[in-house]
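Hi,

Here is the structure I said I would pass on. Have a look at it first, and then read on for what turned up.

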Amino acid sequence: MKHELVGRHKLGTQLSFALYGAANRMARLHKPFLEPLGLTFPQYLVMLELYGGTPRGVGELGAALGMDTGTITPLLKRLEALSMITRTRDRNDERRVMINLTQAGEALREELWGVTDKIRTACQLDEVGLTTLRDTLTALARPAHD
């Protein structure tokens, strides 16, 4: 029984280390492409999400990225300081802040999607492998029932 528990703990630890290592590698792979653009990996993720459509409320954007308001707000402030986005109060609900891309932010669209393609190549997985991995990680990150 004790050996079985140790084995289970070891597997859990290995999964944790594997996920941690993969997340760090993913951020490192992006760095040389994003640094010249003045973007961090989390800012890049925000920009990709915004390319899916704007205007977006801060809460909606945070939920889509799995980030709470305390995490996403500083990212948005820095992107605004870089003139990539605007943050404005919703005219219909002053409590809501709406995010829009600026011309400068929009101008990076193709270059940032190009980064995504370069990372896909660096991962050395075919389309099926990438889709399977993404879906597995998404399910792990956002389980149906917490």
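Which residue just after α6 takes a positive phi? That would be Q124, with a phi of about 55°. Keep in mind throughout that this is a predicted model.

**The overall layout**

The protein has seven helices and three strands. Reading from the N terminus, the order of elements is α-α-β-α-α-β-β-α-α-α. Of the 146 residues in the protein, 26% are buried. If you take the contacts between residues at least 6 apart in sequence, 53% of them join residues at least 24 apart.

**The sheet**

The three strands make an open sheet, ordered β1-β3-β2, with antiparallel pairing. That leaves β1 and β2 as the edge strands, each of them pairing on one side only.

Here is how the pairings look:

- β1 (residues 56–57) pairs with β3 in the antiparallel sense over two bridges, and R56 sits opposite I99 of β3.
- β2 (residues 85–89) is also antiparallel to β3, over five bridges. In this pairing T86 has N100 as its bridge partner in β3, while T88 stands opposite M98.

How many of the five residues of β3 are buried? Four of them are, so this strand (residues 97–101) is largely enclosed by the rest of the structure.

**R56, on β1**

R56 is worth a click, I think. This arginine belongs to strand β1, and with a relative accessible area of 9% it is buried, since the cut-off for that is under 20%. What does its side chain do in there? The side chains of R56 and E49 are joined by a polar contact of 2.7 Å. A polar atom of the R56 side chain also lies 3.4 Å from the backbone oxygen of G53. Setting aside residues up to four places away in sequence, R56 touches E49, L50, L61, A64, V97, M98 and I99. One of these, I99, is the residue opposite R56 in β3.

**The loop between β2 and β3**

D90 is found in the loop between β2 and β3. Is D90 buried or exposed? Its relative accessibility is 14%, so D90 counts as buried. The side chain of D90 reaches the backbone nitrogen of N92 at 2.9 Å. Apart from its neighbours within four places in sequence, D90 is in contact with R96 and M98. M98 is also listed among the residues that R56 touches, and it stands opposite T88 as well.

**Helix α6**

Back to the helix we started with. α6 covers residues 109–123, which is 15 residues; at 1.5 Å a residue they should span 21 Å, and the end C-alpha atoms are 22 Å apart, which agrees. Where do its buried residues point? L112, V115, T116 and I119 are buried in α6. They cover an arc of only 100° around the axis, which puts them on the same side of the helix. On the face turned away from that buried side you will find the exposed residues E110 and T121.

**An aromatic pair involving α6**

There are two aromatic pairs in the structure. In one of them, Y51 and W113 form a tilted pair, at 6.5 Å centre to centre and with 45° between the planes. This pair links distant parts of the chain: Y51 is in the loop between α2 (41–50) and β1, and W113 is in helix α6, 62 residues apart. As for accessibility, Y51 counts as buried at 7% relative accessibility, whereas W113 has a relative accessible area of 35% and is partly exposed.

**Helix α7**

Last stop is α7, residues 127–141. This helix has 15 residues too, which at 1.5 Å a residue should span 21 Å; its end C-alpha atoms are 21 Å apart, in agreement with that. At the start of α7, a side-chain oxygen of D126 comes to within 3.2 Å of the backbone nitrogen of V128.

Cheers

Key
Residues are numbered from 1 along each chain as its sequence is written. This is a predicted model: local features need pLDDT of at least 70, side-chain atom pairs count only at pLDDT 80 or more; totals for chains, interfaces and linings use all residues. Side-chain values use heavy atoms; hydrogens and water are left out. Buried means under 20% relative accessible area, exposed over 50%, partly exposed in between (1.4 Å probe, protein chains only). Helices (H or I, at least four residues) and strands (E, at least two) are DSSP runs, numbered from the N terminus. Two strands pair if DSSP finds at least two bridges between them. The expected span of a helix is 1.5 Å times one less than its number of residues. The arc is that of the directions from the helix axis to the C-beta atoms. Rings of Phe, Tyr and Trp (its six-membered ring) pair if their centres lie within 6.5 Å; planes under 30 degrees apart count as stacked, over 60 as edge-to-face and the rest as tilted. A polar contact is a pair of N or O atoms within 3.5 Å; within protein, one must be able to donate a hydrogen and the other to accept it, and residues adjacent in sequence count only if both atoms are side-chain atoms. Contact means heavy atoms within 4.5 Å.
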